[in-house]
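Thanks for coming. I will take a few minutes to walk through one structure, for those who have not seen it before.

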Amino acid sequence: MTKLQSIKDKIEQAYDLKHASTGVYRKWQDEYRVEVNKISKNRNLTDSGKFKLKELLAERKTVELMKLSKTQQDQYRSLLVEAQKEARKVADSKPAAVDKAIEERFDKAFGELKTAVMLAIPEKAIIILNEFVEGTEEPALVDKVRAEFSSIIAPVVGHAKREDKNKLIDLFEHTQRKAKGAEIIEAEQLMEQAEGMSGQKFFGLAVMERVIEVHAEAQKYLNKPDAFFEEYPGTEKINTVMRTEEEVMLESASEID
């Protein structure tokens with residue numbers, strides 16, 4: 001597996017997690033509604049007792065939802081952080097070394113290019129320089145042109161028309177990109193993609209509109225569960241699978257005599 005493929009795989013995994021978030025929530029919501037319905041259909045409970053039990057259930061299930069959200073988002077952002085780290089390593093890497101014989105031939109041609117540009121009129125100098133850049137494939141060698149670009153064009157830029165100067169700007173930017181090489185350019189793009197995804201809200205509007213039926217705090221904190229656990233310390237330790245002692249006692253006290 002190439003380095004770039006590893007980065008792409010992590011970004012794709014993160015995307016899949018986010019894309020599946022609506023389905024994950026719906027499954028959780030269906031299970032929540034079953035419990036609400038169970039309370040509603042319990043003929044042994046008073047109406048006020050049912051109301052209070054639903055409130056307690058909503059509080060417990062909100063904590064459960066926050067745990068689910070945190071687990072999902074931690075995994076999501078961990079993948080993107082790793083993708084960014086790997087992409088940064090590739091983006092910061094140096095171009096591959098060039099065969100010595102090829103580099104020697106390039107250096108000779110490069111020297112001749114400088115002389116040709118110096119003796120040419122601006123329009124011709126741009127054509128010569130552009131052809132040289134296009135004819136050089138190795139990023140490490142193109143980087144040599146990039147490094148000396150200002151000194152190469154110095155003899156002609158003073159006489160160049162505005163149109164020619166704009167062409168030189170475009171050529172320099174093209175030289176910069178080519179000096180990086182396709183792999184580094186793609187790594188930079190992947191890094192930006194991962195960074196952009198990190199800044200997105202995990203759960204979309206469809207979920208945010210539905211979650212209000214559970215609890216106002218569920219809607220407020222669904223996309224920022226860490227803030228929820230900071231606001232309500234200790235709740236992360238609650239066993240949300242089991243009913244709380246308060247729920248058990250309330251159910252008993254709410255039974256119709």
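Predicted model: local features only at pLDDT ≥ 70, side-chain atom pairs only at ≥ 80, totals over all residues.

Local features need pLDDT of at least 70 and side-chain atom pairs count only at pLDDT 80 or more, while totals for chains, interfaces and linings use all residues; side-chain values use heavy atoms, with hydrogens and water left out.

First, the helices. Helices are DSSP runs of H or I with at least four residues, strands are runs of E with at least two, and both are numbered from the N terminus. Please look at α5, residues 122-135. This helix has 14 residues and reaches 20 Å from its first C-alpha to its last, close to the 20 Å expected at 1.5 Å a residue. The expected span is 1.5 Å times one less than the number of residues.

Which residues of α5 are buried? They are P122, A125, I126, L129, F132 and V133. Buried here means under 20% relative accessible area, exposed means over 50%, and partly exposed is in between, with a 1.4 Å probe and protein chains only. These residues cover an arc of only 135° around the axis, which puts them on the same side of α5. The arc is taken from the directions from the helix axis to the C-beta atoms. On the face turned away from that buried side, α5 carries the exposed residues E131 and G135.

What covers the buried residues of α5? The cover includes α4 (100-119), α6 (139-147), α7 (149-157) and α8 (162-180). Contact, throughout this talk, means heavy atoms within 4.5 Å.

Now take α6 itself. Its buried residues include L141, V142 and V145. They cover an arc of only 100° around the axis, which puts them on the same side of α6. The buried residues of α6 pack against α4, α5, α7 and α8.

Next, the aromatic rings. Rings of Phe, Tyr and Trp (its six-membered ring) pair if their centres lie within 6.5 Å; planes under 30 degrees apart count as stacked, over 60 as edge-to-face and the rest as tilted. By this rule the count comes to eleven aromatic pairs. In one of them, the rings of F202 and F203 have their centres 5.0 Å apart and their planes at 85°, so the pair is edge-to-face. Both F202 and F203 are buried.

F203 sits in the loop between α9 (182-198) and α10 (205-210), and its relative accessible area is 3%. Leaving aside neighbours within four places in sequence, F203 is in contact with S21, Y25, S69, Q73, M208, L222 and N223. S21 is 182 residues away along the chain, yet the C-alpha atoms of F203 and S21 are separated by 6.3 Å.

Q72 is buried, with a relative accessible area of 13%.

Elsewhere, Y221, F228, F229 and Y232 form one aromatic cluster.

Last, the salt bridges. A salt bridge is a side-chain nitrogen of Lys or Arg within 4 Å of a carboxyl oxygen of Asp or Glu. How many does a search of the whole structure find? The search finds 18.

I will show three of them. K144 and D107 meet at 3.0 Å, N to O. K144 lies in helix α6 and D107 in helix α4, so the pair ties together parts that are 37 residues apart in sequence. K144 is partly exposed at 25% relative accessibility, and D107 is partly exposed at 35%.

The side chains of K85 and E82 form a salt bridge at 4.0 Å, N to O. These two residues are three residues apart in helix α3 (residues 47-91), which means they are separated by about one helical turn. E82 is partly exposed, at 33% relative accessibility.

D92 forms a salt bridge with R88, with the closest N and O atoms 3.3 Å apart. D92 is exposed at 51% relative accessibility, whereas R88 is partly exposed at 41%.

There is also a network of salt bridges that links E35, R60, K61, E64 and E247.

Terms used: Residues numbered from 1 in each chain as written.
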